[in-house]
Amino acid sequence: CGCKRDLLVLTVASQETDGFRRFLRSAKHFNYTIKVLGGGETWEGGDYISPPGGGQKVRLLKSALEDIQEENKVILFVDSYDVIFSSGPKELLKKFQQAKHRVVFSAETLIWPDRHLEDKHPHVREGKRFLGAGGFIGYAPNLKKMVSDWSGADSDSDQLYFTKIYINPEKRKSINITLDSKCRLFQNLHGALDEVVLKFEDGRVRARNVLYDTLPVIIHGNGPTKINYLGNYIPNLWTFETGCTICNENLRPLSGLQSEYPVVVIGIFIQQPTPFVTVFFERLLNLKYPKNRIQLFIYNQESHHEPHVRTFLEYHESEYQGVKLIGPEEDIDPVTSRNIGFEMCRDNIDCEYFFSIDVDVVLKNEDTLRILIELNKPFIAPMMTKPGRLWTNFWGALSADGYYARSEDYVDIVQGHRVGLWNVPYVSHIFLIKADALRTDLKDPDLFESATLDPDMAFCSKVRNKGVFMFVTNMHTYGRVLSTENYQTNHLHNDLWQMFENPVEWEERYIHENYSKVLKDAFIETPCPDVYWFPVFTDVACKHLIEEMEHFGQWSGGGNVDNRIQGGYENVPTIDIHMNQIGYEKEWHKFLLDYVAPVTEQMYPGYYTRFDLAFVVRYKPDEQPALRPHHDASTFTINIALNQVGIDYQGGGCRFLRYNCSIKAPRRGWALMHPGRLTHYHEGLPTVEGVRYIVVSFVDP
């Protein structure tokens, strides 16, 4: 078609932003010929983010047109930072010809900057009737004529200038201007988000306007939402055939000597009482990255967590290159702390990255930091989820008013049906940012400040407006974010109470690693007839339960009178504390339902499980060392050993008299399950040294 010769694309860019590179990439893909104006000029045309402004563009266009002599040269003039091509020059020129005018402007749903000019715009049969200056196409002589009388200042509005030409009937006619009312050439996204969807074709993606059923060639993300998620696909960044095509570009492989790994400042932010903080620090320690290349910045606003931070630093501070701690007594607000963290990296000439992590992040993947650095983006976050929910730490798109909008691809990204690198408008909780970006585009001290937005949203909006792309990656699974609601801090080991709020974390912390095999692979032993033995608690669970009971400290006297139970008389008393005395009955009930009932139903089929009394028993040589033979007041009983024979105590165990069968080496964290009445008359064997703890539950009294 000779279209490459006939068409020249002019655009204005003063700096090479991520958006400009995205524009050039799409132009190269379709073989457009591009001439960039204003390179190296400082940008005087107002803030390109917020209209009006842009007289500088008209001045640069006017002088560029003076060099063009060919009568039939077609010029496309577009913005660049927030523009992508959805198709090639051939289609563009064909549609331009079909418009039967010498100059075609993009059309807008909304009129700006001067609403009073609304009535002067000619009506159109169908489509949008307002002019948009962000994109137009025309023959060189007609464009020359159009801008010939420009004499405005660089900061004047190009939008207003072109609008006034268009609404003047004589000029409109003599220059021969029309609008692309149905978005066949240009799609402006401002005020038009709902009109546009992705259209997947063979090995390529474009945008479709569902209002007019057109396939625009140029997508212009004007307005607050920019290109939104469309730029992650068009023209071929991600397709169903290829998946992500940009995920392996410009990587920074971390091979070679660990002593040459980039220095990273890891910022850890503790801003409210949070469960599993000790686990957070365990995961931090397990990150596969040389600690002598890491500096820690820890901001802790919560006195409740001071012991957790202290313990971590006592044991591990010396392994890191450096540590800076800001504690609750310093009374520094969260926003200031984030700036101090950034400064710690900016001011250190060796610092190449700042890795920000909120303490409610569960960093499961030990390679996270390495993976993110290798992806080599100025700003990147790993996707984090919450179990059983569609929540993530990013937004797929922005609504027109700058808040959350669900993009059409959001669910597919969250569920892993689409995998790649996604440029998104908002991320939170965890991100990696290049020190270069912090020292240049993001050097302002007020990144988190805004009259209307929360600090996290203010930050993301500033990053976007500086032209820095925020990427989120779901190419691996990285971890989760905890729920911090309803976290009570009035116990010794508050995490024990988290099974409703954070069941996945609770299970990882407290349920034995081999428990899953109990049901799956019948990982159950039978040490005595009809006595079943299986693993259920981790060592941590056992330790926490004992410490919680001793912390509470109100052990029963071991006499027959017991006002805690129905009838007030205990036939076979032990020295114990009931679960409901420490406010653990709801949690214990859930534990029995979720982890014990499935086993009992397998072992005693057809039996429906109801639970009753639960208590922790303490056996001591000088207190109550043993328990005489007895039946339990239950259909069957669960008995879990909380500490270790031979280490914590000597002796102990359980003997079933009818079978003369003893279990003398109970394993910590393992449950014994046996019938309570009739057949299983049993006794507690004497503890001769140390202290033995068990937890006992009666089922179906």
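Cysteine 345 and cysteine 351 are joined by a disulfide, with 2.1 Å from S to S. A disulfide here is a pair of cysteine sulfur atoms within 2.5 Å. The link of cysteine 345 and cysteine 351 is left-handed, with -90° about the S-S bond. Cysteine 345 has a relative accessible area of 0%, so it is buried. Cysteine 351 is buried too, at 1%. Buried means under 20% relative accessible area, exposed means over 50%, and partly exposed lies in between (1.4 Å probe, protein chains only).

A word on the model comes next. It is predicted, so local features need pLDDT of at least 70 and side-chain atom pairs count only at pLDDT 80 or more, while totals for chains, interfaces and linings use all residues. Residues are numbered from 1 along each chain as its sequence is written, and side-chain values use heavy atoms, with hydrogens and water left out.

How many disulfides does a search of the whole structure find? It finds 3. Another one joins cysteine 244 to cysteine 247, with an S to S distance of 2.0 Å. The link of cysteine 244 and cysteine 247 is right-handed, with 100° about the S-S bond. Cysteine 247 is buried, with a relative accessible area of 5%.

Now look at cysteine 528 and cysteine 661. A disulfide joins cysteine 528 to cysteine 661, at 2.0 Å from S to S. This pair links distant parts of the chain, 133 residues apart. Cysteine 528 sits in strand S28 (residues 525–528), and cysteine 661 sits in strand S36 (residues 661–663). Helices (H or I, at least four residues) and strands (E, at least two) are DSSP runs, numbered from the N terminus. Why is the disulfide of cysteine 528 and cysteine 661 left-handed? Because the torsion about its S-S bond is about -80°. Cysteine 528 counts as buried at 2% relative accessibility. Cysteine 661 is buried at 13%.

Some cysteines have a sulfur without such a bond. Take cysteine 542. Cysteine 654 is in no disulfide either. For cysteine 654, the nearest cysteine sulfur is that of cysteine 528, 7.7 Å away. Cysteine 542 is buried, with a relative accessible area of 0%. Cysteine 654 counts as buried at 7%.

Turn next to a pair of helices. Helix H3 (residues 55–66) and helix H5 (residues 140–147) pack at an angle of about 135°, with their axes 10 Å apart. Axes are lines fitted to C-alpha atoms, for helices over the stretch in contact, and angles run from 0 to 180 degrees between N-to-C directions. H3 and H5 are therefore oblique to each other. Angles under 35 degrees count as roughly parallel, over 145 as roughly antiparallel, 65 to 115 as roughly perpendicular and the rest as oblique.

Which residues meet? Val58, Leu61, Lys62, Leu65 and Glu66 in H3 meet Leu143, Lys144 and Val147 in H5. The residues of this contact divide into 5 nonpolar, no polar and 3 charged. Ala, Val, Leu, Ile, Met, Phe, Trp, Tyr, Cys and Pro count as nonpolar, Asp, Glu, Lys and Arg as charged, and the others, Gly among them, as polar.

One last stop is asparagine 339, in helix H10 (residues 334–346). Asparagine 339 counts as buried at 13% relative accessibility. Leaving aside neighbours within four places in sequence, asparagine 339 is in contact (heavy atoms within 4.5 Å) with Arg346, Pro445 and Phe448.
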